[in-house]
Amino acid sequence: MWWCKVMNRKQTLALLVALFISGCGFQLRGSYALPYKTLHVTSTGGAVIASQIRRELTDTPTKLMNASKDADATLTIIEERRDRQILSLSGAGRAVEYELRMSVTYQFVDKQGTVIIPTSQLELKRILVYNERQVIASQQEETLLYQDMERDATGQILRRMIAVNRRT
């Protein structure tokens, strides 16, 4: 093959992988393109998710407004709740596994007050295997799992906002 002389094996492999990935429809996650020019994000009980949504929308065409009267639509994070439940115990009666839960309740309305997404709730769960010999590492893993759930909830809410508007 003539192109093997021009490119080394690593470059050839990288090119083949890129062609394969692009052929299957894979795309890198881009920014969220909401069909609204302005949006107000408010929180009555979920400051973390609301701030993450604002952060995700900073580099998009949608401009974030400080007041709902100035925005085309308003997303309200009504409640954000975290919970941890023991899943299994060791022979000595100590917790070995936990189920971490995160619940986010939200609503999305337009400027006229029409409910676009009625009050909805997301339930996210992750399993934490707790190692009592590595307490600090287990605590850090718990923090990372909650951060992952926050990113997941943020993405789910934004994708739902986009999907609902495509249907209407």
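**Exercise 1.** In this predicted model, determine where Asp-148 and Arg-151 lie and how they are paired.

*Solution.* Asp-148 and Arg-151 are both located in helix 4, three residues apart, about one turn of the helix. The two residues form a salt bridge, with the closest N and O atoms 3.9 Å apart. This falls within the 4 Å limit that defines a salt bridge. Asp-148 is partly exposed at 30% relative accessibility, and Arg-151 is partly exposed at 49%.

**Exercise 2.** Identify the residues linked with Asp-148 and Arg-151 in a network of salt bridges.

*Solution.* The network also includes Arg-126 and Asp-152. Arg-126 and Asp-152 form a salt bridge whose closest N and O atoms are 3.3 Å apart. This pair links distant parts of the chain, since Arg-126 belongs to strand 5 and Asp-152 to helix 4, 26 residues apart. Buried means under 20% relative accessible area; Arg-126, at 19%, therefore counts as buried. Asp-152, at 25%, is partly exposed.

**Exercise 3.** Explain which parts of the chain the salt bridge between Arg-82 and Glu-150 ties together.

*Solution.* The closest N and O atoms of Arg-82 and Glu-150 are 2.0 Å apart. Arg-82 lies in strand 3 and Glu-150 in helix 4, so the pair ties together parts 68 residues apart in sequence. Arg-82 is partly exposed, at 42%, whereas Glu-150 is buried, at 6%.

**Exercise 4.** State which element gives the most to the largest nonpolar core.

*Solution.* The largest nonpolar core has 33 residues. Helix 4 gives the most to this core, with nine residues. Among the residues with the most contacts inside the core is Met-161. Beyond its neighbours within four places in sequence, Met-161 is in contact with Leu-34, Leu-39, Leu-75, Phe-108 and Ile-117.

Conventions: Residues numbered from 1 in each chain as written. Predicted model: local features only at pLDDT ≥ 70, side-chain atom pairs only at ≥ 80, totals over all residues. Heavy atoms only, no water. Core = buried A, V, L, I, M, F, W, Y, C linked by side-chain atoms within 4.5 Å. Buried < 20%, exposed > 50% of the residue type's maximum accessible area, 1.4 Å probe, protein only. Helix = DSSP H or I, 4+ residues; strand = E, 2+ residues; numbered from the N terminus. Contact = heavy atoms within 4.5 Å. Salt bridge = Lys/Arg side-chain N within 4 Å of Asp/Glu carboxyl O.
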